[in-house]
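Hello,

Please find the structure below. My notes on it follow.

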Amino acid sequence: MGLRDDVYRRSLKTAFDRIELAVGSKCADVGAGGGDIAIELAHWVGDIGRVYAIDIDPKRRNEVAEKAAQFTQVIAITQAAEELALPEPVDLAFCRFLLLGVEDPAQAVAGMARIIKPGGWLVAQEPVTSSGRVGHHPLRVDTEAIKHPDIGLDLVRLMQGAGLEVVDTWAEAPCGFGGSDVVSYLEQMTEAKVDKGDTVLLPPLLCAVAKKPS
Ligand SMILES: C[S@@+](CC[C@H](N)C(=O)[O-])C[C@H]1O[C@@H](n2cnc3c(N)ncnc32)[C@H](O)[C@@H]1O
């Protein structure tokens, strides 16, 4: 498991519990990166389910294919979120840390909405970067590499704009101190200097859950 998945993994379980993701479900993990979430999804949907691990970067496809080799239900493919075309509609399209980096988040959300079955789910977990803290100080991130740092706050509007019915939203933030995984993650991702007594609040992930009307 990657460090990101470790520090942000609690919020994944909350989301999958919320939609009661069932064995046999068909899912798409869009912007799959290293594939940690696709593998987590594979455990939830079992051998008879299917998980499309989708990323625009072909190198990521190879990485996921290698990492998920033992999970026959995981299919790694190279596609852009904005132009998704799958062999079958899915019960769940999921993204995390995707929309903050795309040119046009509305097009990416519309692309995901298109591949969902009527009655299926879109779950997005995206950050509110400006809410991160190191002690009392705002957490500094390289916002040049991030096109939409507070995209979490736009999820409801984006989902509604794609014709979906938003049914729930909440936010969860990993928090840590001392030599915790949260501090190691922050030091790996940024140039932050963390004193031993500082509490680190990573950017909360705003989770929005929406349903495609039947
Ligand atoms: C920050 S990583 C997040 C990976 C993973 N979702 C996670 O939470 O650990 C963003 C991933 O989205 C991919 N990506 C960026 N733009 C994309 C697009 N338009 N369509 C599909 N994938 C995209 C990148 O290649 C990268 O692997």
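Strand E4 (residues 90-96), helix H4 (residues 105-114) and strand E5 form a β-α-β unit that is right-handed, meaning that with the strands pointing away from the viewer, the path from the first strand over the helix to the second runs clockwise. Helices (H or I, at least four residues) and strands (E, at least two) are DSSP runs, numbered from the N terminus.

This is a predicted model, in which local features need pLDDT of at least 70 and side-chain atom pairs count only at pLDDT 80 or more, while totals for chains, interfaces and linings use all residues. Residues are numbered from 1 along each chain as its sequence is written.

E4 and E5 pair in the parallel sense through six bridges; two strands pair if DSSP finds at least two bridges between them. Opposite Val90 is Ile116 of E5. E5 is also joined to strand E11 (residues 205-211), by seven bridges, and these two run antiparallel. There, Trp121 has Lys211 in E11 as its bridge partner.

Why is E5 largely enclosed by the rest of the structure? Because nine of its twelve residues (116-127) are buried, that is, 20 or more other C-beta atoms, placed from the backbone, lie within 10 Å of the residue's own.

Helix H2 (residues 36-45) is also largely enclosed, because seven of its ten residues are buried. Among them are Ile37, Ile39 and Leu41. Gly46 follows H2 and has a positive phi, near 70 degrees.

Of the 20 residues around the ligand, Gly31, Gly33, Ile56, Ala81 and Arg96 come nearest; a residue counts as near if its C-beta atom, placed from the backbone, lies within 6 Å.

Regards
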